[in-house]
Amino acid sequence: MAGSGSTRGLYWLLTMELVLVLSCLIVGVIVGAVIERLCRQMHPYARVRNIIVKLAVAYASVTFIIGTGPSSHEGETDEVEIWAILSKVMRVLTFAAGTIVGAALQPVGLTGGIATGKSTVSKLLQDPHSNAADDIQTKTEFIIIDLDKIAHDILLPKELVQNDSVYDRLVAEFGDDILSKNEGENCSIPTIDRRKLGDLVFADRQKRRRLNSITHPKIISIMLKRILIEGLRLSRPKSDAKLRVVCVDIPLLYEGGLKMRLLFGNVIVVACNPKLQLERLRLRNPDLTLEQCQQRIASQIPIEDKVRKAHVILRNDGSLKSLHHQVRQVKIQLSDIVAGSQRGVELYWLIFGFAGLRIMHSITTS
Ligand SMILES: CC(C)(COP(=O)(O)OP(=O)(O)OC[C@H]1O[C@@H](n2cnc3c(N)ncnc32)[C@H](O)[C@@H]1O)[C@@H](O)C(=O)NCCC(=O)NCCS
Ligand SMILES: Nc1ncnc2c1ncn2[C@@H]1O[C@H](COP(=O)(O)OP(=O)(O)OP(=O)(O)O)[C@@H](O)[C@H]1O
């Protein structure tokens, strides 16, 4: 009986420890994201202020983490003391890892109306030749995550994209009418014809809602994974760039509600006047009728409402040259924002530093 009591006690202790460690991870993600966001919103190059804020947060977090949970007391066995130290180290490590993840979750949103010029801006952002001859800017790499591309990929059958596919659910929802007559290029199953699906959903709000409810959760989870991979620089061999700005080309950012607005600390809206928008859409998609073009524009929040909520506005009413010039200015602005925060001392290194000192201190004084 005594044995089962002590085993139960051990399980209880381990469960509590696991809960504490997980809580540290979650709180770390939130703290990392909030502090990074705060530092980015300070004036560019506010390095000293960034360092002070990060020092204060790191010190307060370490003091709090070290002060909670099991601790050793005078006269306790060596095992209990080691357990208490290990437990503190684990909590500090998961908290610091959380802050790294939170700090990496800082994408810039690129949005606008249909055919206002988001893809054109994406290309200019990525193109190093469109950089001004400015020291910091030329050392900044702009990574674009294109949600239209992700939306197209998930329509493919699961034979091609495995778990990411929503093919079966869409065929079950909308029937075989959305399939192409020809079989897919790389697979023997007929693919979803985006033209047919588009005609169906842009003409009917309920059907569009059903399409969104199937596709959007998948698109968002792929987007979050990609933001983390790019933010943590896990994606490709290191480039020469010192700074990295991860931009998400996300047409429906404001339609996505509060959670999307919380995720994107900086939002660029590409806008043009509605007449030009319709003209460009008709020119780019000559296969669509005037009515279909109008339906597609009407399916989104009006562009001027998006402009009112934007942090940065790109007015694409003029020539491509004028757009190019504006994008250059935006690149400098974004590089400055990221430089002001990323060049400050990193929060997680401070956490490791403080934690090491505090743990050493508690070992030497016990
Ligand atoms: C309806 C589909 C099949 C039409 O494909 P098509 O190749 O004709 O258009 P494409 O995907 O290139 O989209 C063009 C533009 O339409 C607009 N748009 C696309 N889907 C939607 C939607 N559900 N609601 C409002 N606007 C939309 C966006 O501005 C987009 O940039 C496709 O857009 C789709 O699967 N949409 C649902 C997923 C989605 O919301 N995608 C937008 C990015 S999150
Ligand atoms: N300043 C400009 N002058 C002339 N044509 C332009 C200009 N900007 C964009 N275009 C053209 O307008 C069309 C729409 O642009 P683009 O594809 O970049 O829009 P988008 O916002 O990405 O569209 P979607 O919402 O459908 O993804 C394209 O054919 C593009 O070449």
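I sorted the shell around ligand 2 by residue class and got 3 nonpolar, 8 polar and 4 charged (Gly goes with the polar ones, and Asp, Glu, Lys and Arg count as charged). This is a predicted model, where local features need pLDDT of at least 70, side-chain atom pairs count only at pLDDT 80 or more, and totals for chains, interfaces and linings use all residues. Residues are numbered from 1 along each chain as its sequence is written, and side-chain values use heavy atoms, with hydrogens and water left out.

Next, the shell itself. I find 15 residues around ligand 2, the closest being Lys118, Ser119, Thr120, Arg284 and Asn316 (near means a heavy atom within 4 Å). Helix α4 (118-126) gives the most, with 3 residues.

Then I checked polar contacts (N or O pairs within 3.5 Å). A polar side-chain atom of arginine 284 sits 2.7 Å from a ligand 2 oxygen, and one of asparagine 316 is 2.7 Å from a ligand 2 nitrogen. Glycine 318 uses a backbone N or O atom, 3.1 Å from a nitrogen of ligand 2.

Salt bridges (side-chain nitrogen of Lys or Arg within 4 Å of a carboxyl oxygen of Asp or Glu): I count 15 in the structure. Glutamate 17 pairs with arginine 91 at 3.7 Å, N to O. That one links helix α1 (residues 2-41) to helix α3 (residues 78-104), 74 residues apart.

Which residue does glutamate 36 bridge at 3.6 Å? I found lysine 54 there. Glutamate 36 also meets arginine 40 at 3.9 Å, N to O.

Definitions and conventions:
Chains lettered and ligands numbered in written order. Polar contact = N/O pair within 3.5 Å; in protein donor to acceptor, adjacent residues only side chain to side chain. Helix = DSSP H or I, 4+ residues; strand = E, 2+ residues; numbered from the N terminus.
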